[in-house]
Every structure is written in C-alpha cells, then in structure tokens.
Amino acid sequence: MAHEKAARPTPLDALAGVGPLARQLNQTHNRLWYERVHQDLTGPQFTVLSLLDAHGDMDQGTLGARARLDKSTAAPLLERLRRRGLLEIARDESDRRRKLVRVTEEGAELVHRLAPAVAEVSEHLLAPFTPGEREQFLDLLRRAAGEPEAG
C-alpha cells in the first residue's frame with residue numbers, strides 16, 4: 001500500500017487557518033465593544049471588575065489567574081483601575097508580599113451598568129448560530145483557548 005506524502009501547505013492554505021480568522025473575530029469584537037460598551041473600559045478591565053464583584057476581594061495573583069492575565073499585564077491594568085477609583089489595592093496585613101484587590105462601589109456600579117451591553121456584543125457575534133451551534137462554538141473556543149469546559 002503506497003503512502004501519499006502530504007502536500008506542503010501554501011501561503012493561501014495558511015490564510016485559511018486559525019490565525020487570520022481569530023484576528024478577524026477579535027477585530028469585530030473590538031469594534032463592537034468600542035461602539036456598544038464603553039470607550040474607556042477594556043474587555044480585560046471589565047473582566048477584572050466583574051470577577052471582583054462576583055467573588056469578592058482576592059489577592060492580585062489569584063485575580064490575574066482567574067482573569068487569564070499575565071503578570072506584566074495585570075499590574076498596570078490594576079493600577080489604571082485604581083487611579084480611576086474603580087478598585088482598591090492594599091497590602092495583606094498577614095503577608096506583606098501579597099496585594100489584596102477590592103472593587104469599589106463605583107467599579108461595581110460600572111460593571112453592572114455595562115453588563116447588558118457586553119452581553120449584546122456577544123449576542124451580535126453569535127447571531128448567525130442556532131442555540132445548539134452557539135453552545136458548540138463557545139465550547140470549541142474554550143477548548144482552543146485551553147480553558148476548562150463549561151459545565
């Protein structure tokens with residue numbers, strides 16, 4: 001039985017891959033976010049404030065992990081939110097190396113106000129799909145991103 005050697009992918013084959021599609025989806029998401037959510041609050045900032053609102057105070061390391069932010073991104077993002085009065089950062093009295101992060105009332109009010117618009121962005125992006133396809137698409141995206149399956 002003869003084995004056929006796989007053809008070497010061409011540049012056009014590469015354009016049909018994940019990268020260009022992920023970039024296009026990200027560009028569409030960013031445009032919708034800017035138009036419908038808020039021009040001064042990024043997706044990662046919304047994620048951080050929402051996690052603090054939902055789960056309460058947490059240390060900076062845990063928050064960064066839950067928000068899927070690397071350390072070099074998390075610290076400046078938190079500092080920008082602190083300067084805007086949307087969260088507070090304090091040293092943990094029992095372990096001075098740890099920083100504890102708390103959403104302020106203003107930060108909680110902002111994420112509650114913006115949540116419907118954030119849901120609207122997702123709804124717009126998922127509009128071409130049936131309910132079953134939406135679940136499958138989101139599950140596949142989570143797997144591709146290395147996140148645990150929803151469940």
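The model on the screen is a predicted one.

I will start with the sheet. It is an open sheet of three strands, in the order β1-β3-β2, and the pairing is antiparallel. That leaves β1 and β2 as the edge strands, each pairing on one side only. For those new to sheets, strands pair through backbone hydrogen bonds, either parallel or antiparallel.

Now the two pairings in turn. Strand β1, residues 58-59, is joined to β3, residues 95-103, by two bridges. Met58 has Val101 as its bridge partner in β3. How many residues lie between β2 and β3 in their hairpin? Two residues lie between them.

Helix α5 lies across β2 and β3, and it runs at about 120° to β2.

These two helices also pack on each other. A general point before the numbers: two packed helices are described by the angle between their axes and the distance between the axes. For α3, residues 43-55, and α5, residues 71-83, the angle is about 75° and the axes are 11 Å apart. That angle is inside the range I opened with, so α3 and α5 are roughly perpendicular to each other. From α3, the residues in contact are Pro44, Gln45, Val48 and Leu49, and they meet Leu77, Leu78, Arg80 and Leu81 of α5. By type, this contact has six nonpolar residues, one polar and one charged.

The last pair is α2, residues 18-36, with α6, residues 105-126. Their angle is about 145°, and their axes are 10 Å apart. Is the crossing of α2 and α6 left-handed or right-handed? The crossing is right-handed. On the α2 side we find Leu25, Thr28, His29, Leu32, Trp33 and Arg36. They meet Ala117, Val118, Glu120, Val121, His124 and Leu125 in α6. Sorted by type, the residues of this contact are seven nonpolar, three polar and two charged.

That is the end of my part.

Definitions and conventions: Residues numbered from 1 in each chain as written. Predicted model: local features only at pLDDT ≥ 70, side-chain atom pairs only at ≥ 80, totals over all residues. Heavy atoms only, no water. Axes fitted to C-alpha atoms, helices over the stretch in contact; angles between N-to-C directions. Helix = DSSP H or I, 4+ residues; strand = E, 2+ residues; numbered from the N terminus. Left-handed = near helix turned anticlockwise from the far one by under 90°. Contact = heavy atoms within 4.5 Å. Nonpolar A, V, L, I, M, F, W, Y, C, P; charged D, E, K, R; others polar. Parallel < 35°, antiparallel > 145°, perpendicular 65-115°, else oblique. Pairing = 2+ DSSP bridges.
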